[in-house]
Amino acid sequence: MTQKDVKMSLIRQLELRGMNAEFYMDLVNDYIYYWSLKKKLIADIKNKGLRYETVNGNGMTVEKANESVVNLQKTTATMLKILADLKLKEPVPEPENPTDGYL
């Protein structure tokens, strides 16, 4: 799923609910920003792991916790909050088309 797919899905769900105000579109843009950030944090965790070695100011090799783990949790929580603000906990079903040939 691409960033564009996610954004279009959210916008479509808002349209189905009649929530077309600019305020909601701004929240969608915020959500997309966090979605992109989440992807980067996941990539960093896959690359470095939960902990990684680095050299401190004294030239000593030390192991540090990867801050992306905590930031991922915060980012995910923020994304869920935005979805709750948009009232999008569950997808809105598409309206049925009475001319599709089914009774």
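The following questions and answers concern a predicted model of a protein chain.

In this predicted model, local features need pLDDT of at least 70 and side-chain atom pairs count only at pLDDT 80 or more, while totals for chains, interfaces and linings use all residues. Residues are numbered from 1 along each chain as its sequence is written, and side-chain values use heavy atoms, with hydrogens and water left out.

Reader: Which pattern does the protein chain follow along the sequence?
Author: Helices (H or I, at least four residues) and strands (E, at least two) are DSSP runs, numbered from the N terminus. The protein chain has three helices and two strands. Read along the sequence, their pattern is α-α-β-β-α.

Reader: What percentage of the residues in the protein chain is buried?
Author: A residue is buried under 20% relative accessible area, exposed over 50%, and partly exposed in between (1.4 Å probe, protein chains only). The protein chain has 103 residues, and the buried share of them is 24%.

Reader: Where do the buried residues of α1 lie around the axis?
Author: The buried residues of α1 are V6, L10, I11, Q13 and L14. They cover an arc of only 160° around the axis (taken from the directions from the helix axis to the C-beta atoms), so they lie on the same side of α1.

Reader: What covers the buried residues of α1?
Author: Contact here means heavy atoms within 4.5 Å. The buried residues concerned are V6, L10, I11, Q13 and L14. Their cover includes α2 and α3.

Reader: How many salt bridges does the structure hold?
Author: A salt bridge is a side-chain nitrogen of Lys or Arg within 4 Å of a carboxyl oxygen of Asp or Glu. Among those in this structure is the pair R12 and E15, whose closest N and O atoms are 3.7 Å apart. The total for the structure is four.

Reader: Which helix holds both R12 and E15?
Author: R12 is partly exposed because its relative accessibility is 34%, and E15 is partly exposed at 40%. The two residues are three residues apart, about one turn of the helix. Both lie in residues 3–16, which form helix α1.

Reader: Which parts does the salt bridge of R51 with E63 tie together?
Author: The closest N and O atoms of R51 and E63 are 2.7 Å apart. R51 lies in residues 51–55 and E63 in residues 61–65, so the pair ties together parts 12 residues apart in sequence, namely strands β1 and β2.

Reader: Why are D85 and K81 separated by about one helical turn?
Author: D85 forms a salt bridge with K81, with the closest N and O atoms 2.8 Å apart. D85 is partly exposed at 32% relative accessible area, and K81 is partly exposed at 49%. The separation is about one helical turn because, within helix α3 (residues 67–85), D85 and K81 are four residues apart.

Reader: Is D44 buried or exposed?
Author: D44 lies in helix α2, which covers residues 22–48. Its relative accessibility is 19%, so D44 counts as buried.

Reader: Which side chains make polar contacts with the side chain of D44?
Author: A polar contact is a pair of N or O atoms within 3.5 Å; within protein, one must be able to donate a hydrogen and the other to accept it, and residues adjacent in sequence count only if both atoms are side-chain atoms. Leaving aside neighbours within four places in sequence, D44 is in contact with G49, N66 and S68. The side chain of D44 makes a polar contact of 3.2 Å with that of N66, and one of 2.6 Å with that of S68.
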